[in-house]
Amino acid sequence: MTQRLLFVLAGAAFSWMPAALNAQALVLRPDGVFDGTTPTVHRGWVVVVEGDRIAAAGPERSVRVPRGAREIRLDGLTLMPGLIEGHSHLLLHPYNETSWNHQVLYEGMALRVARAVVAAEATLEAGVTTSRDLGTEGAGYADVGLKQAIERGIISGPRLLIATRAIVATGSYGPKGAPEWSLPLGAEPADGHDDLIRVVRDQIGRGADWIKVYADYRWGPNREARPTFTQAELELIVEIAASSGRPVVAHAASAEGMRRATLAGVATIEHGDGGTDEVFRLMAERGVALCPTLAAGDAILQYGGWRRDIDPEPARITAKRESFRRALAAGVPMCFGGDVGVYPHGDNVRELELMVDYGMAVADVAIAATSGNAGILRLEDRGRVAEGLLADLIAVEGDPTTDIGSLRRVRFVMKGGEVVRDD
Ligand SMILES: [Zn+2]
């Protein structure tokens with residue numbers, strides 16, 4: 001082989017080698033490791049990171065540490081997978097600051113995107129390394145650009161799965177109340193066979209990773225949640241999305257909306273307040289997960305004047321506790337998805353605290369927030385501390401399998417092998 005050929009081959013090999021092989025390896029030495037699946041903390045583990053991946057994880061003696069690896073000591077901390085938020089709206093901010101109607105109608109795109117940039121950074125700093133953002137609520141396709149800006153390293157934020165505008169049935173969604181005017185809506189209306197096919201495909205073409213559909217909405221005669229799309233319409237949406245390899249997520253709070261969405265084959269249902277035992281059993285049978293958004297309901301009642309821990313519990317909260325308990329008892333896969341944006345970005349842990357408060361075991365909640373959501377959101381490359389997975393890791397003070405409050409004490413955040421935060 002000539003020298004020249006060798007040079008060419010070496011050059012080729014170098015250029016296609018992932019950055020992973022070139023970067024210096026890191027060895028993380030925490031007090032313990034919560035691996036995302038085992039409901040306990042492993043002591044004496046080390047985790048080796050090479051490039052953007054976890055190269056090894058396990059007891060010190062069983063792990064080969066590469067020569068020259070840089071050591072990061074995480075004394076007093078538990079290392080674990082980054083949190084995976086299942087239901088966020090980076091383009092919304094808390095309703096006690098500005099009502100949803102006002103945000104959708106009067107806040108300009110630049111203002112909304114500027115807020116979203118700050119929200120994305122706060123989210124990652126809080127230990128959320130992946131977020132499924134479920135609709136821009138009137139901010140068009142701004143989530144597409146946000147996701148690109150994060151991927152290109154222009155701004156700091158979690159890895160995003162996005163839904164763009166989301167799909168609603170004509171007449172169901174807001175803002176409304178001015179019958180002579182066609183107000184800008186918080187989502188994209190579409191109805192019937194041809195229109196739904198076009199809109200699902202259009203959102204996919206503009207960047208949607210998930211198709212979000214509102215299977216019901218508060219448009220009943222007494223503003224109660226009532227179904228919007230027919231069974232056939234929901235099935236069509238799922239079929240068109242599935243052709244492109246994309247799952248569907250349904251907003252549904254009524255038993256009938258949830259039933260139709262489940263039968264249509266959606267992957268997750270959001271809110272689910274009115275679920276009956278029958279509907280929850282159906283969801284469990286079909287493997288449809290529930291993002292209960294406990295923190296959103298809790299926040300909205302507080303904005304309405306309820307003083308938690310002082311005033312008696314509102315009936316809506318008591319009912320939500322009961323439906324959450326029924327969903328758990330039926331074996332519905334439980335998603336960590338709080339509808340953050342209704343309450344402050346970066347305060348994502350609120351939802352996890354409420355899942356514990358409403359009756360779920362702490363370790364199960366910690367698993368739901370990591371490997372659980374990775375499974376539900378079809379992200380096989382993350383959610384566990386295991387060889388070959390993305391090095392999306394956080395370290396917290398305390399044991400997340402026995403003390404959910406430890407997730408508020410995030411001291412270290414790594415995304416794709418890069419240290420984002422190290423207090
Ligand atoms: Zn939402």
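**Notebook: hairpin, sheet, helices and domains**

I started at the hairpin of β3 and β4: two residues lie between the strands, and Gly51 there takes a positive phi near 60 degrees. I am working on a predicted model, where local features need pLDDT of at least 70, side-chain atom pairs count only at pLDDT 80 or more, and totals for chains, interfaces and linings use all residues. Residue numbers run from 1 along each chain as its sequence is written.

I noted the terms as I went. Helices (H or I, at least four residues) and strands (E, at least two) are DSSP runs, numbered from the N terminus. Strands pair if DSSP finds at least two bridges between them.

**Entry: the hairpin strands**

I checked how β3 (residues 45-50) and β4 (residues 53-59) pair, and found the antiparallel sense over six bridges. Glu50 stands opposite Arg53 in β4.

**Entry: the three-stranded sheet**

Next I looked up an open sheet of three strands, in the order β6-β7-β8, with parallel pairing. β6 (83-88) and β8 are at its edges with a single partner strand each, so one side of each has no neighbour in the sheet. From one strand to the next the twist averages 15 degrees; angles run from 0 to 180 degrees between N-to-C directions, and axes are lines fitted to C-alpha atoms, for helices over the stretch in contact.

I then went through the pairs. β6 and β7 are joined in the parallel sense over four bridges, and Ile84 has Thr130 in β7 as its bridge partner. Helix α5 (residues 142-151) packs on the sheet and touches β7 and β8, its direction making about 160 degrees with that of β8. For contact I used C-beta atoms, placed from the backbone, that lie within 7 Å.

β7 (residues 128-133) and β8 also run parallel, with four bridges, and Ser131 stands opposite Leu160 in β8.

Are the residues of β8 buried or exposed? I found both faces of β8 (residues 159-162) covered, with Arg159 and Leu161 buried on one side and Leu160 and Ile162 buried on the other. Buried takes 20 or more other C-beta atoms within 10 Å of a residue's own, exposed takes 12 or fewer, and partly exposed is in between.

**Entry: Asp31**

I found Asp31 in strand β1 (residues 26-33). Asp31 is partly exposed, with 19 other C-beta atoms within 10 Å. Leaving out residues up to four places away in sequence, Asp31 touches Asp75, Gly76, Leu77 and Thr78. I also looked at Ala395: its C-alpha atom is 9.7 Å from that of Asp31, though the two residues are 364 residues apart along the chain.

**Entry: two helices crossing**

I followed the axes of α10 (residues 294-303) and α12 (residues 349-357), which come within 8 Å and cross at roughly 100 degrees. The two helices are therefore roughly perpendicular to each other; that label covers 65 to 115 degrees, with under 35 roughly parallel, over 145 roughly antiparallel and the rest oblique.

Leu294, Ala295 and Asp298 in α10 meet Arg350, Glu351, Leu354 and Met355 in α12. By class I get four nonpolar, no polar and three charged residues in this contact. Nonpolar means Ala, Val, Leu, Ile, Met, Phe, Trp, Tyr, Cys and Pro, charged means Asp, Glu, Lys and Arg, and the others, Gly among them, are polar.

**Entry: the domains**

Last, I looked up domain 1 (15-81 + 385-422) and domain 2 (83-347), with bounds from an automatic or database domain assignment. Their C-alpha centres lie 32 Å apart. The contact takes eight residues from domain 1 and seven residues from domain 2.

Definitions and conventions: Contact = placed C-beta atoms within 7 Å.
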